[in-house]
Amino acid sequence: MKKKVLLMGKSGSGKTSMRSIIFANYVAADTRRLGATIDIEHSHVRFLGNLVLNLWDCGGQDVFMETYFRNQKDQIFRNVEVLIYIFDIESRDLDKDLQYYQNSLEAIRTNSKDAQICCLIHKMDLIPITKREEAFRALQERVMNLSGGMNVKCYGTSIWDETLYRAWSAIVNSLIPNAKYLENELDKFCRVCDADEIILFERITFLAICHSTPGEFQQTPEDGSTAKALLPDTSRFEKVSNIIKLFKLSCAKGQAQFKSMEVRSPGFAAYIDVLTSNTYVMIIVSDTNIQSAAVTLNVNAARKHFQKIEDTRS
């Protein structure tokens with residue numbers, strides 16, 4: 001199953017860097033050696049085994065952008081599942097960038113009217129922390145004003161933190177067939193394990209696919225007092241994605257293969273293990289009476305069932 005994903009944006013906005021981090025196991029520092037994209041780079045990325053993302057990374061130099069809209073509009077913008085337009089938050093020529101965005105929307109309306117539209121307001125790390133929200137909202141407002149009522153989703157991103165994983169997880173998850181059924185089955189698995197939370201990650205990218213959190217999020221205070229219900233960290237999945245992917249890369253450099261790990265604290269235990277040929281699972285439990293062996297047995301018992309779900313989508 002192929003899905004065409006179109007990456008657009010001015011030259012230097014960060015399209016190739018983010019693609020390399022998510023799909024080619026680059027770390028942020030490595031992207032400094034990447035050159036500018038010339039014309040269009042095509043790549044096919046396999047995700048969850050059967051889903052193939054046909055990525056069109058379009059060079060953003062003015063000469064190419066003008067050609068896309070003048071001579072190649074029908075070819076480039078036809079049969080697009082997702083248009084991802086990347087804005088550099090500190091662009092020196094934002095007005096032209098917004099004009100190219102508007103041209104892209106017009107081409108999408110004509111050639112792929114059902115395509116999803118996602119705007120990544122990128123390089124947010126260049127803005128002082130206290131001003132990031134204001135800067136994001138200001139550019140988001142301008143983007144939405146040009147969107148003509150189309151359903152456009154905006155994300156603030158940076159290659160230096162978990163925001164990039166958050167945006168790409170949301171984008172890729174929207175392309176997964178039967179995602180709701182998979183989530184329902186994960187809910188059942190969570191109850192069987194008596195877990196506080198279970199998260200499913202794609203094996204190569206370690207993007208979060210779906211999760212189950214059946215009860216109210218709990219955390220035990222370090223001072224030993226009675227546990228209170230706390231709001232969960234809404235970026236926790238992406239933070240885990242970032243940390244574990246970097247850990248996997250470190251293991252690979254040492255010629256070791258990452259398969260599973262267990263992390264324990266006085267208030268909870270977290271287990272990460274292979275679930276299917278294309279996924280990892282993370283199980284979080286706060287009940288100290290639940291032993292590691294019991295979690296391992298449950299994962300082993302669930303593998304066949306989730307592998308069958310995965311194979312059915314092929």
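C193 is buried, with a relative accessible area of 6%. Let us work through some exercises on this predicted model.

**Exercise 1.** Find out how many disulfides the structure holds, and where C190 and C193 stand.

*Solution.* Start with the cut-off: a disulfide needs a pair of cysteine sulfur atoms within 2.5 Å. Next, take C190: the nearest cysteine sulfur belongs to C193 and is 7.1 Å away, and C190 is in no disulfide. Now turn to C193: its nearest cysteine sulfur is that of C190, at 7.1 Å, and C193 is in no disulfide either. The count for the structure is 0 disulfides. Finally, check burial: C190 has a relative accessible area of 1% and is buried.

**Exercise 2.** Work out which residues of helix α2 are buried and which exposed residues sit on the face turned away from them.

*Solution.* Helix α2 spans residues 62-70, and its buried residues are F64, M65, Y68 and F69. These four cover an arc of only 130° around the axis, so they lie on the same side of α2. On the face turned away from that buried side you will find the exposed residues V63 and R70.

**Exercise 3.** Describe the surroundings of V45.

*Solution.* First locate V45: it lies in strand β2. With a relative accessible area of 13%, V45 is buried, because buried means under 20%. Leaving out residues up to four places away in sequence, V45 touches F23, L51, V52, L53 and L55. For F23, 22 residues apart from V45 along the chain, the C-alpha separation is 7.3 Å.

Terms used: Residues numbered from 1 in each chain as written. Predicted model: local features only at pLDDT ≥ 70, side-chain atom pairs only at ≥ 80, totals over all residues. Heavy atoms only, no water. Buried < 20%, exposed > 50% of the residue type's maximum accessible area, 1.4 Å probe, protein only. Helix = DSSP H or I, 4+ residues; strand = E, 2+ residues; numbered from the N terminus. Arc of directions from axis to C-beta. Contact = heavy atoms within 4.5 Å.
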